[in-house]
Amino acid sequence: MEAGYNFAYLDEATKRMIRRAILKAVAIPGHQIPFGAREMPLPYGWGTGGIQVTASIIGPADTLKVIDQGADDTTNAISIRRFFARVADVATTERTEDASIIQTRHRIPEAPLREDQILVYQVPMPEPLFRLEPRIAETKRMHALADYGLMHTKLYEDIARLGRIGTAYNYPVMVNERYLMSPSPIPAFDNPKMDRMPALQLFGAGREKRIYAVPPYTPVRSLDFEDHPFRAIRAPHACTLCNSTASYLDEVVTDDQGGRVYVCSDTDFCRTEQERAA
Amino acid sequence: MYVAVKGGEAAIDAAHAWLADARRGDAAVPELTTAQIEQQMTLAVDRVMAEGSCYDRGLAALALKQARGDGIEAAFLLRAYRTTLTRFGHAAPLDTAAMGITRRISATYKELPGGQVLGPTFDYTHRLLDFALAAEGVTRDAVPERAADEAAIPRVSELLAREGLMQREEAAEAEPSDLTREPLAFPADRSARLQNLARGDEGFLLGLGYSTQRGYGNAHPFVGEIRQGGVMVEFTPPELGFAIEIGEIDVTECQMVNQFHGSLTEPPQFTRGYGLVFGSGERKAMAMALVDRALRAAELGEDITAPAQDAEFVLYHSDNVEATGFVEHLKLPHYVDFQSELENIRAMRRNAV
């Protein structure tokens with residue numbers, strides 16, 4: 001373990017401050033809790049919020065999995081996994097089922113998560129209304145009054161102009177029928193997995209200094225209209241490696257002649273499917 | 001047959017090795033020492049200390065060396081170190097009236113107690129490249145001795161305030177904000193705003209300050225005073241109950257004098273824009289003073305019409321470590337999101353046809 005630093009890098013007083021914010025966030029599902037985010041040795045935008053949340057909940061007995069774009073082997077996921085191996089000396093894994101904490105950027109694993117697991121999301125912009133109203137003082141008021149007409153109007157205007165909702169990722173959700181929440185930039189395909197998930201879902205935004213949470217089994221509803229129900233979109237293909245037709249796919253450009261193959265973005269899911277078929 | 005590319009771990013290690021090699025440059029050229037950076041790149045060190053929000057010349061010099069001279073990267077390194085240090089309290093307000101002056105300029109009075117002291121300034125240099133500097137071993141000319149001032153040099157703002165022409169600032173009873181511990185909240189009080197600006201990016205503040213002079217914020221500033229030099233830092237340990245000096249730091253202070261027409265409760269008077277920066281960051285201190293005054297629009301009952309007057313806009317975007325992180329994170333993989341956009345736009349095009 002890295003000498004000269006506390007277990008999991010943050011000092012214990014900071015961890016306590018973050019845990020208090022987490023407890024408050026769990027008590028008010030979907031509500032953003034400001035916290036005194038620290039400056040981390042990784043840049044803002046690389047997952048400093050998720051790292052701080054993970055650092056405050058991780059213990060020596062935990063097994064950590066880190067994914068970026070669903071994959072364990074993307075450079076930033078490797079870098080974060082190495083960081084925790086270095087400062088906390090915890091076991092790391094690439095298997096979803098073996099992890100007690102999964103830190104993620106932009107995806108929810110395909111495999112259903114369990115009660116004894118925690119999913120930590122890295123969040124760039126915690127405020128779901130920021131594109132419609134950039135002033136935080138104003139969006140706070142809107143959340144307090146549950147005044148979400150602006151978002152419904154935006155979705156309606158999309159349908160009126162484009163024939164469908166123009167948001168394909170970071171698709172707004174209503175948590176416990178009270179707070180509008182950003183699910184972080186996961187594809188809308190992943191939104192249904194958040195609903196009544198047995199695992200605790202924690203969201204950390206370092207640069208914006210906000211933490212929020214979805215406790216286990218909490219209803220999470222993607223905003224929609226009766227005549228334009230929410231639809232989870234994926235590329236209409238099978239994975240080239242495991243033949244799954246249910247998983248979220250990455251499109252891989254194979255040549256400059258329009259050649260494409262599609263592979264699972266969740267590398268652990270894809271490997272598991274291939275092993276099962278073998 | 002498609003095979004997924006692996007090897008991110010090896011790639012990271014290789015990139016780090018390459019980075020270290022690129023940092024060192026041509027091995028035939030002697031390696032730069034941190035002492036050389038500290039002594040000869042003083043303004044770069046000052047800027048890293050200011051934006052890194054940590055007064056330590058040696059560490060700032062090390063950060064500059066490690067960052068290959070990139071100021072923002074160096075400030076980031078210094079901040080990431082600073083955040084691991086224990087916070088044990090806050091210092092007493094600096095008494096800049098008691099500063100050991102190395103430079104002191106007023107644009108509002110030709111002559112004033114304490115006089116004008118140019119100090120080591122670029123102001124009246126002709127910007128002609130000095131090719132003699134390219135040669136090594138240039139002999140140094142002796143610096144003329146300045147007669148030492150015995151008396152403390154009064155601040156210009158105080159001369160105005162005594163006449164009732166300058167608005168007095170109320171000493172705050174409350175503990176000053178610390179944005180490194182508590183997140184920014186709005187309305188932000190003056191201590192939070194000033195801390196934010198003092199840590200903020202020089203270029204951003206320069207542009208904003210400049211905009212207030214060009215009609216975006218209706219500023220009428222005069223440099224009441226700029227002073228640079230060493231000031232004592234005093235701290236009151238709770239177990240002692242009285243202030244002790246814990247060190248001396250070099251700072252640059254700028255007090256801008258601004259016109260104010262008065263309101264229902266306040267008579268016409270001058271108001272202050274305040275800038276204070278570690279080291280010799282004069283440009284930033286001046287820009288900070290302009291922006292500080294612009295941000296006082298709400299409390300002075302002025303219309304908020306310009307970006308520099310909008311506290312959320314200014315304070316949320318001034319921090320270059322935050323800004324560079326979020327701008328540069330766009331180079332991280334976004335293929336999952338992009339894929340969802342691809343499918344969405346393909347579907348929209350089908351609808352449109």
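Mentor: Start with the salt bridge: a side-chain nitrogen of Lys or Arg within 4 Å of a carboxyl oxygen of Asp or Glu. This is a predicted model, in which local features need pLDDT of at least 70, side-chain atom pairs count only at pLDDT 80 or more, and totals for chains, interfaces and linings use all residues. Residues are numbered from 1 along each chain as its sequence is written, chains are lettered from A and ligands numbered from 1 in the order in which they are written, and side-chain values use heavy atoms, with hydrogens and water left out.

Trainee: What makes Asp319(B) and Arg79(B) a salt bridge?

Mentor: The closest N and O atoms of Asp319(B) and Arg79(B) are 2.9 Å apart. The cut-off is 4 Å, so the pair qualifies.

Trainee: How many salt bridges does the rule find across the interface of domain 1 and domain 2 of chain B?

Mentor: The rule finds 3 there. The bounds come from an automatic or database domain assignment: domain 1 of chain B is 30–85, and domain 2 is 96–119 + 153–167 + 179–323. Taken over C-alpha atoms, the centres of these two domains are separated by 24 Å.

Trainee: Which residues count as being in contact across that interface, and how many are there?

Mentor: Contact means heavy atoms within 4.5 Å. By that rule, 16 residues of domain 1 of chain B are in contact with 18 residues of domain 2 of chain B. The area buried between the two domains is about 1,400 Å², with carbon and sulfur atoms giving 52%. Buried area is the accessible area (1.4 Å probe) that two parts lose on being put together, summed over both.

Trainee: What is the count of polar contacts between these two domains of chain B?

Mentor: There are 7 residue pairs in polar contact, both at pLDDT 80 or more. A polar contact is a pair of N or O atoms within 3.5 Å; within protein, one must be able to donate a hydrogen and the other to accept it, and residues adjacent in sequence count only if both atoms are side-chain atoms. On the side of domain 1 of chain B that touches domain 2, the elements giving two or more residues are helix H3 (42–52) and helix H5 (71–82) of chain B. H3(B) gives the most, with 6 residues.

Trainee: What makes these runs helices?

Mentor: Helices (H or I, at least four residues) and strands (E, at least two) are DSSP runs, numbered from the N terminus.

Trainee: Why is Glu225(B) called buried?

Mentor: Its relative accessible area is 2%. Buried means under 20%, exposed over 50%, and partly exposed in between (1.4 Å probe, protein chains only), so Glu225(B) is buried. Glu225(B) lies in strand S2 (residues 221–235) of chain B. Not counting residues up to four places away in sequence, Glu225(B) touches residues including Arg104(B), Pro154(B), Glu253(B) and Gln255(B).

Trainee: How do you know that Glu225(B) and Arg227(B) make a polar contact?

Mentor: Their side chains meet at 2.8 Å, and the limit is 3.5 Å.

Trainee: What does the rule find between the chains?

Mentor: Across the interface of chain B and chain A there are 6 salt bridges. Glu39(A) and Arg199(B) form a salt bridge at 3.3 Å, N to O, against the limit of 4 Å. Between the chains, 23 residue pairs are in polar contact, both at pLDDT 80 or more. The largest share of the side of chain B that touches chain A comes from H13(B), with 13 residues. The contact takes 43 residues from chain B and 62 residues from chain A, and the buried area is about 4,500 Å², of which carbon and sulfur atoms give 58%. Tyr2(B), Phe326(B) and Val336(B) supply 14% of the area that chain B buries against chain A, more than any other three residues.

Trainee: What is the count of salt bridges between domain 1 and domain 2 of chain A?

Mentor: The count is 0, while the rule finds 7 residue pairs in polar contact across that interface, both at pLDDT 80 or more. The domains are 12–127 + 174–222 and 234–278.

Trainee: What makes a set of residues a nonpolar core?

Mentor: The members are buried Ala, Val, Leu, Ile, Met, Phe, Trp, Tyr and Cys residues joined through side-chain atoms within 4.5 Å. The largest such core has 32 residues, and those with the most contacts inside it include Ile51(A), Phe83(A) and Val90(A). H3(A) gives the most to this core, with 5 residues.
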